[in-house]
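Here is a short note to read beside the model. Please keep the structure open and find each residue as you go.

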Amino acid sequence: MKHIILLYEELIPSVRLCGYEQLTYLAKQGKLSFEAMQLRSVKRRELKRADAVIFVRGDSDFECTLAKKLAQAGKYLIYVLDDDLLNVPPYLASYSHYAAASAQKNIKTLMAYCHCLLTPSERLAQKYGALFDRTILIEEPALCSKRQEKSGEVIRIGFAGSLDRTQDLEQILAQPLRNIRKKYGDRVAIEFFGTNPNIAQELGCRHYPYAQDYAAYRETMESLCWDIGLAPMPNTAFHACKHYNKFIEYGSFGIISICSALPPYDRVVRNWENGVLCPNEPEVWEAALSRLIEDAQLRKHIQKTLYWQISSSFQVSQTAENLWKQLDRHIPILKRHTLGWVLANKIQWRAMWILTKIRWYGWRLPLVALKKLTDRFNRNEGRK
């Protein structure tokens, strides 16, 4: 049985949806042996028995050193890319990190060491596929939850996303949301989960802080009971390389997506059938929102179509089986080569990991560490 290890820094959605969930399912089916572990915790003996090792959005010195030794040992290396990390726009919060010369160099080095590119984006596959021996398209699954029953007649509209999406919301949706609030008043509730744009504060919208823990994130999403989910997307080359995961995520909770009529959403949304596509024009977004707010039968029709699509195409089992068909025959027979002295020295591993963190966060490192400890404590208290 082939043994696969997935390495990650934090168990973020990119990790969960681009390998972790699918490989966990396949392991339960007995098709492979699978482990997912944090970079800081991985040990030489674990890597030694791996047939394949997966790096998710890797960009650190430590991962480059690790990939070099693993490649020399004959391991099959896979690089997961779900954003065009080499071309992050300057206005995004993550730009300063990914635009740094060290991050750019490390991403390219990791790509050079890896045999396979694993991505949910056809455009990323086309753009970077030639740098690898093989490219595999992975579909992100819907981690379905039971939608809670609504109470009352208020139409709930929401956006869920990171701080990187703040400018997109302000530029595309500020005016439509002002007009919707003015037009419908208390008949609608507008909420934001994650980012907290100026328009949210202006309209007195409820804001839920972003949840780093993905399980906690999904618990909050399930409790919100939104009818309509907003998915604006700027018309840029970077955003065209993204995946339509927001459509899948909203759909898994029975939430109707209103999306920009651009890639990647135009690949999956059939207008007024399983969702809504809107050009990035304020009056079109306002009209689409108004139609959904006023037409309960239309909402039910779209939700029914959406439920069928999510159930028939985006279950973990389906995305996992499709991944295995593409991956299985390309992983070579287990090679037990020595991994070299670098992997034998745990102190050096820790030192490299700490230096990477210092490079990422600089003087903010103690604050980031304190916040993570506080978040972990709060999660543990919440489970009691």
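1. Arginine 291 lies over the face of tryptophan 272, 4.1 Å from the ring centre. Lysine 246 does likewise with tyrosine 250, at 5.6 Å. A charge sits over a ring if NZ of Lys or CZ of Arg is within 6 Å of the ring centre and within 35 degrees of the ring normal.

2. A word on the source. This is a predicted model: local features need pLDDT of at least 70, side-chain atom pairs count only at pLDDT 80 or more, and totals for chains, interfaces and linings use all residues. Residues are numbered from 1 along each chain as its sequence is written, and side-chain values use heavy atoms, without hydrogens and water.

3. How many aromatic pairs are there? The count is seven (rings of Phe, Tyr and Trp, the last by its six-membered ring, with centres within 6.5 Å; planes under 30 degrees apart are stacked, over 60 edge-to-face, the rest tilted). Phenylalanine 193 and tyrosine 208 have ring centres 6.4 Å apart and planes at 80 degrees, so they are edge-to-face. Phenylalanine 193 is in strand β8 (residues 188–194) and tyrosine 208 in strand β9 (residues 206–209), 15 residues apart (strands are DSSP runs of E, at least two residues, numbered from the N terminus).

4. Phenylalanine 193 is buried, at 1% relative accessibility. Tyrosine 208 is buried too, at 15% (buried is under 20% relative accessible area, exposed over 50%, partly exposed in between; 1.4 Å probe, protein chains only).

5. Tyrosine 210 and tyrosine 217 form a tilted pair, because their planes are at 45 degrees, with centres 6.1 Å apart. Tyrosine 210 is partly exposed, at 34%. Tyrosine 217 is buried, at 4%. Ring pairs join Phe193, Tyr208, Tyr210, Tyr214 and Tyr217 into a cluster.

Terms used: Helices (H or I, at least four residues) and strands (E, at least two) are DSSP runs, numbered from the N terminus.
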